[in-house]
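Subject: Structure handover

Hello,

Please find the structure below. My notes on it follow.

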Amino acid sequence: NLVAHGHLATLDLPLTLFWWASLWQWRKVLRALAAGRATPWNALAGFFVAVTLAVFNKFTGLLLLPICALVATFALDRRGAVRAWGWLAAGAVGLVLVSHVAYGFGPVRSGLPAELVDAVAGKWAHRDDGHFAYLMGRRSVEGFAAYYLVTLLVKTPLPLLALAIVGTIAGWRRLAAVDRALLVIPALALVVFFSVVRVNIGVRHILPVYPALVLAAALGARFLWQRVTTRTVLVVACVAWAIGVARVVPQQLAYFNMIAGGPGGGHRWLLDSNLDWGQDDRRLEEFLAAAAQRGETWHVNPDGDHARTGRCVVNANRLHNLLLRDTSAYAWLRGMDPVGHAGYAWRRYVLTLDDFAARAARQPNDFDSQLAYAEALAFEGRWDAAAARYRDALQRFARPRVFRSAVESALRAERPDAAESWLRRGIEQHPQDAGLHALGARLELEHVVRTAPDSDDAARARASLGLWWAEQGDVERAVPLLRAAAATRPRDVEIVRALGVAEARAGRFADAVAVFERAAVAGALRAEAAACRALARTEAALADTRSAPGAARPGRAAWMELATTHFADARYDRAAAALVEILRDDPADGEALALLSEMHVRTKLRIVEGTLAPRGLRREARPSREAR
């Protein structure tokens, strides 16, 4: 864990350094107080410097002062503890003074820099607002009390845990009171604090616990080595430890011990920064490139709502619907075993009908397994067999989702009559189900298009279907329908506007301008045309900037408009390229940096099928040295 988080641009490992530098200097002070000696001024000064660096590195460092007071209370007699408390109070005053220097003597609130107060208040508001957490298949916005205990249990090498337990038990009496308190209290307090706060992001939040485990393990190793009968045990433990760690190199972030099933099984316990922060995207790219050379096609994060066969690669965060409220996506895949990984965050599957059949037979009472088999049959074009499985599923599970799945599978199999039949039965049995009624509206529109393809009603139906697909996020399926509708009704302003907006949402701003400037509707859509024309000019300037660095550059407002437009429609590579142009002129532009940070969060979770949008930033628009 120390190695994994040591190569990331986060503050957790520096905090761990300053945390233990503070404890080491505080140990010198407490040992002097316990022995009745004079205060070691150099150690006290080192303590204050280390605490200051910890606090202004990360606010977790603020815990050091109350923790050190608690250590003094347990390690010293009353007189010594009072003296220690006095030094800590002086240190708190010193921190307040230093904070004004750190924040440039800005506005003051309650005796502290206003920016510092706002920052700490923001952290606490984060706790009150809640943060999405995942633990052992469960999801929560309020967090889990046992999160960090479970994290330590499965993210720590078992030999380290075992040696730490042996060292704490066997070496406890040999330690001075000061060392006992410093070994246990800070680590325990850190785990308790974050367990109470319940912002369950990852093991990195309690990274300072690991040096305490290492020290305790060193005591355990010494105890075992001093006894001839247990030396072999120590050697075996260390060899097993080394092998377990070596197996995961260079993917240390994905390390999980045998309790969790190793790196391949860790996703069942923890996700997010405990598994991957986007590093595996490069490994996936390399795998896809090699697969393409072999003539293989792998679908990346395919549709999670419907089972399919064939080769696919799914990110573990997507597999478990991290950050999504709907837990039904990929339910058909979660019970399947991968054939391998492209980085432990990316799970590779080669799915056949036999796999789904075997799972359905193995789990006859599992709803997702039965539904997945029916959907896989429909995907393979075996509609009659799929319909039989749906009927069988209805006998076991009288749920509206069976009807919704059957209707959608029939539509994908181009069996509109079957879709209408399943829809009628579904609405009869579940008249209040909104999903079935939405499918009914879609079927009615498709019926109009099929029966009277050249009528005005068909044009309006195509327009409605196009808008429906656009709302689903599938603009490429929406555009042909809207084009056909606009060709039939060229003077219908609303249909033409919908087509232009769809082209713009696809990032084709010049095409959108051409749509808005059609003679029949140009007067009514003048504002839309002007907006898209400005975006098209900025997009062209972006291309010129890449090919000819000396070309004329738009202003910040134009770049930001382009970036936010691309960002809204998940074209993160093009949005990032526009933001980089802003940062070339002002590397400290807060709005641009905030939007880039938001894209960092989203791109690791929303990788569209067949492409890896984050790579576009590195390939096409490297920031200048000043911007970096």
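The second largest cavity has a volume of about 40 Å³. A cavity here is a set of points on a 1 Å grid, over the protein atoms alone, where a 1.4 Å probe fits but cannot get out. Grid points are joined across faces, edges and corners, and the volume is the space filled by probe spheres set on the points.

This is a predicted model: local features need pLDDT of at least 70, side-chain atom pairs count only at pLDDT 80 or more, and totals for chains, interfaces and linings use all residues. Residues are numbered from 1 along each chain as its sequence is written, and side-chain values use heavy atoms, with hydrogens and water left out.

Back to that second cavity. Its lining (residues with an atom within 4 Å of a point) consists of G304, D305, S328, A331, W332, D368, L371, A372, E375 and R401. Helix α15 (residues 367-379) gives the largest share, four residues. Helices are DSSP runs of H or I with at least four residues, strands are runs of E with at least two, and both are numbered from the N terminus. By class, the lining has four nonpolar, two polar and four charged residues. Ala, Val, Leu, Ile, Met, Phe, Trp, Tyr, Cys and Pro count as nonpolar; Asp, Glu, Lys and Arg as charged; the others, Gly among them, as polar.

In total, the structure holds three cavities of 30 Å³ or more. Ten residues line the largest cavity, and F132, Y134, N200, D272 and L322 lie nearest its centre. That lining divides into eight nonpolar, one polar and one charged.

Next, a helix pair. The axes of α2 (residues 12-35) and α3 (residues 41-57) come within 8 Å and cross at roughly 155 degrees. Axes are lines fitted to C-alpha atoms, for helices over the stretch in contact, and angles run from 0 to 180 degrees between N-to-C directions. So α2 is roughly antiparallel to α3 (angles over 145 degrees). In the contact (heavy atoms within 4.5 Å), residues of α2 including F18, W19 and W26 meet residues of α3, among them L44, F47 and V51. The contact residues divide into 14 nonpolar, five polar and one charged.

Two backbone points remain. A cis peptide bond joins V249 and P250, with omega about 5 degrees. P250 lies in the loop between α11 (228-246) and α12 (279-293). F105 has a positive phi, near 50 degrees. F105 sits in the loop between α5 (78-102) and β1 (108-109).

Best wishes

Definitions and conventions:
Angles under 35 degrees count as roughly parallel, over 145 as roughly antiparallel, 65 to 115 as roughly perpendicular and the rest as oblique. On a 1 Å grid over the protein atoms alone, a cavity is a set of points where a 1.4 Å probe fits but cannot get out, and a pocket is an open set with protein on both sides within 12 Å along at least five of seven lines; lining residues have an atom within 4 Å of a point.
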